[in-house]
Amino acid sequence: MATCTFTLSCASQRKDVTGWLMLQLAAGKLDYISQAEGMQLQGDYSFAGLFPLHYTDVSATGLPALAPCDQGRPNKHGFHLMQAMRFAVEEINNGNGPLPLLPKVKLGYQIYDICSNPASVLATLDLLEQQYQQYQNSSNTQRALSVIGPDSSSKSFTPAALLGAYVIPQISYEASNEMLSNKQIYPAFFRTIPSDKNQVAAMIQLLVRFNWMWIALLGSDNDYGLQGMQSLSEQASHHGICIPYQGIIPTASDDTVQTMRNMVDNILKTKVNTIVVFSSKTKFHDFLPYVLERNITEKVWIGTEDWSPSTLISRIPGIQTIGTVIGISVKDATISGFDEFQKNTVEGSKQHVSNVTISSGNDCLQSTDLYSLARNNFSMDKYDITSSFNVYKAVYALAQALHQALDCDSGECNKRSVTPPELLSLLREVRFSLSNSTVYFDKNGDPPTGYDIVSWVWRGTDWSLRVIGSFTPDPITLKVDADLIEWHGKGDSASVPQSLCSLPCPKGHKKLLTGQHACCFDCQACPSATFLNKSGKDCQACLPEQWAPPSSEECLNRTVIILDWDHPLSIALLFFLATCLLLTSSTAVILLLNLNTPVAKSAGGRTCLLMLAALTVAALSTLCHFGQPSPLACILKQPLFTISFSVCLACITVRSLQVVCIFKFASKLPPAYDRWMKKQGPEVTIFLVSVTILLISVLRVSLDTPRPSQDLQFYQDKIVQECSKTLSVGSGIELAYVSVLSVLCFLFSYMGKDLPANYNEAKCVTFSLMVYMISWMSFFTLYLINRETFTMAAQVFATLFSVLAFLAGYFLPKMYIIVLRPQMNTTAHFQNCIQMYTMNKIKIGFKCPKLLELFHMLSNNNQNL
């Protein structure tokens with residue numbers, strides 16, 4: 001195969017080319033006019049077009065090598081791109097396009113076949129040579145004001161840098177690499193296809209939309225694939241997407257067969273279900289046979305705009321078995337009249353006989369002609385149409401800039417010399433509508449347009465594309481109708497395939513990484529009192545006033561436990577309190593009215609009034625238990641009950657002691673008892689007992705003051721509003737003191753169990769003490785296991801029930817005699833009882849003082865009390 005080699009040099013190969021790039025061709029000088037048919041059109045102003053009209057393979061040599069393009073197989077896609085440029089130019093020249101731009105001005109074009117990277121560079125150098133010759137006036141050859149193309153990013157980098165150095169505007173229709181947006185390096189580069197930056201963003205949004213977080217990433221071994229892979233892998237981590245395998249698709253050769261097979265093996269090992277392929281269609285075309293060789297099915301393939309809509313890929317035999325293909329595609333558009341233009345070209349090629357003889361010295365450039373390509377009668381699919389529209393837009397954008405340069409707004413253009421830099425500055429400002437789309441360029445030379453999201457549809461072996469959504473870059477918005485996608489895989493065709501390393505954790509579960517990838521993890525439930533919000537990575541503790549059950553996403557406010565005044569239990573207890581107060585006050589009134597009667601005297605006389613007052617205070621202390629605890633209520637509620645109840649117990653204890661001493665010990669210890677009575681022993685005893693418990697309570701409150709508090713520990717989900725120090729050392733001492741007093745009261749009462757009925761309170765006092773003890777033991781047991789509102793009410797109930805027990809056990813029998821049995825409330829009745837008691841004791845050998853003296857002694861003692 002014949003090849004052309006070329007070198008770039010800054011040396012002076014010719015006498016008058018100082019400062020310009022030189023082109024040294026192996027075959028000599030070029031003829032720019034006569035070496036092709038239909039590849040050039042003379043005009044007042046000319047545009048150059050770079051199109052891949054053939055497929056060729058470039059051999060690796062020490063120097064850049066260019067194989068003759070016409071020896072490769074024809075490229076139907078490149079042919080349609082070239083035709084789009086020809087159609088747009090002729091439409092503008094004829095004035096029958098959508099926009100009347102250049103009246104009486106004829107546009108020309110010069111088309112190059114760039115079948116490879118070296119061909120693209122060579123065509124660019126040829127254009128620069130034309131610029132040089134034009135400036136030197138050494139040739140009448142028409143120069144191109146701008147360049148349309150090339151078709152790929154890898155073919156565009158060198159031309160864009162060279163053309164930018166000489167400020168020659170260039171518009172690519174398929175070069176999408178985002179590096180080309182760098183105006184510092186490529187100041188004259190524009191494009192009508194969106195940047196890969198937008199394509200990467202669309203792919204990321206698509207992966208996020210379907211929750212494909214475990215993917216493989218493949219890219220072609222060229223600038224397009226490598227840069228796309230790098231950009232996508234950088235952004236993937238920001239969206240929680242993991243890439244366990246990245247592979248670079250090499251150029252197909254005998255040496256790379258095993259490499260491609262290893263890539264397929266690695267994809268299978270990672271167990272991904274979604275594969276993103278950022279590749280040019282030619283390289284991916286060579287890789288797919290190895291995928292089909294391993295019978296890989298049921299995968300989801302995410303494709304770029306270069307290969308996903310391409311028939312070069314869809315026509316591979318057996319390709320329909322690889323799974324679901326979802327791709328990015330340039331937005332669909334149509335060119336009115338383009339189909340007719342294509343048909344006319346084909347018809348013209350059939351009638352035209354080429355008589356061009358191409359010499360061996362000129363087969364490096366323009367080594368084919370229009371009609372030889374047109375005779376192939378290529379079909380035109382959707383991919384060809386959308387790409388052709390990009391070429392169509394590029395021609396009209398340049399024509400718009402030329403329109404402004406020639407001042408054609410008046411309806412007639414001012415023909416004059418226009419330089420490429422002048423056209424470049426005007427190109428930056430163009431903005432016009434074309435086929436229902438707005439054409440303009442941002443500051444980077446990129447069109448701010450989005451993409452269509454397409455899906456492959458198979459009907460047997462018939463392939464078609466279906467638009468399933470769209471993507472816009474500003475703002476970033478993805479719209480996809482998943483119901484339009486036909487999923488190829490096991491099970492329900494309507495279910496979206498999963499591609500995850502680990503299934504998502506349930507709500508309120510944190511992730512425990514199990515490897516180097518954030519997508520692989522075990523799930524652990526957050527413990528109670530912690531939560532894991534949707535954006536968090538670790539369980540967080542709730543605030544003290546909040547709680548959360550295990551596996552929670554948020555904390556909840558704790559329920560506040562308090563015995564409110566309007567609570568049903570509170571209302572019942574307040575009625576109970578009112579009943580107790582009514583009974584104590586009624587009893588006090590009856591006793592006060594009958595204070596000098598034998599029953600009142602035997603009960604303790606004025607001591608009974610003190611006992612009733614103490615019981616009243618004990619009952620009233622329950623008011624401190626209702627509502628929100630206050631500092632005063634916390635200080636008073638426990639001491640009030642303890643002191644008042646201790647006074648009551650002291651009175652009963654002293655009275656029982658008196659009765660026992662008179663009946664059983666008066667004859668044995670008369671001096672001691674007399675002295676105790678004469679020195680007001682009962683009163684002093686009651687006073688000392690009361691003062692002692694008062695001092696204990698005051699000291700406890702002073703040293704360990706109860707305050708309103710919130711118990712956050714007893715319940716996880718509730719707050720107990722109570723007073724602090726409910727169970728403390730001080731309260732324990734108080735309880736021990738009252739308990740000792742209760743035991744003494746019980747003992748002295750029990751010692752008088754065989755006394756006359758009028759002086760025998762053993763049963764009644766025992767009953768009262770038993771009720772008192774059982775009530776409080778029940779409450780403390782409940783308090784240790786429960787702090788609900790019911791427990792608070794139980795404490796109030798225990799207090800009131802204790803008061804009621806003493807009223808019923810000690811005072812109710814007296815009230816019964818005073819009110820209902822007045823005949824028993826007489827001195828004669830009491831003397832008769834004592835006489836009967838003495839008679840019984842004499843029978844068993846007990847000697848007792850005179851009955852009358854004993855009765856008067858009891859009466860006097862009770863009166864003193």
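The questions below take up the terms used for this protein.

Modeller: This is a predicted model, in which local features need pLDDT of at least 70, side-chain atom pairs count only at pLDDT 80 or more, and totals for chains, interfaces and linings use all residues. Residues are numbered from 1 along each chain as its sequence is written, and side-chain values use heavy atoms, with hydrogens and water left out.

Biologist: Why is Ile485 called buried?

Modeller: Buried means under 20% relative accessible area, exposed over 50%, and partly exposed in between (1.4 Å probe, protein chains only). Ile485 has a relative accessible area of 4%, so it counts as buried. Of the 865 residues of the protein, 52% are in the buried class.

Biologist: Where does Ile485 lie, and which residues does it contact beyond its neighbours within four places in sequence?

Modeller: Ile485 sits in the loop between strand E22 (476-480) and strand E23 (509-513). With contact meaning heavy atoms within 4.5 Å, its partners beyond those neighbours are Phe210, Thr324, Ile326, Ser455, Ile468 and Val480. The C-alpha atoms of Ile485 and Ile468 are 7.0 Å apart, and the two residues are separated by 17 residues along the chain.

Biologist: Why are H11 and H12 called roughly perpendicular?

Modeller: Angles of 65 to 115 degrees count as roughly perpendicular, under 35 as roughly parallel, over 145 as roughly antiparallel and the rest as oblique. The axes of helix H11 (residues 382-405) and helix H12 (residues 420-427) come within 9 Å and cross at roughly 110°. That angle makes H11 roughly perpendicular to H12.

Biologist: Which residues meet there?

Modeller: Ala397, Leu398, Ala401, Leu402, Gln404 and Ala405 in H11 meet Glu422, Leu423, Leu426 and Leu427 in H12.

Biologist: How do you know which parts to trust?

Modeller: pLDDT is the predictor's confidence in each residue, from 0 to 100. Its mean over the protein is 82, and 84% of the residues reach 70 or more. Strand E2 (residues 8-9) has the lowest confidence, at a mean of 28, and strand E11 (residues 170-172) the highest, at 96. Over residues 1-37 pLDDT stays under 50, although the model has 88 contacts beyond four places in sequence for them. Where pLDDT is low, the predicted coordinates should not be read in detail.

Key: Axes are lines fitted to C-alpha atoms, for helices over the stretch in contact, and angles run from 0 to 180 degrees between N-to-C directions. Helices (H or I, at least four residues) and strands (E, at least two) are DSSP runs, numbered from the N terminus.
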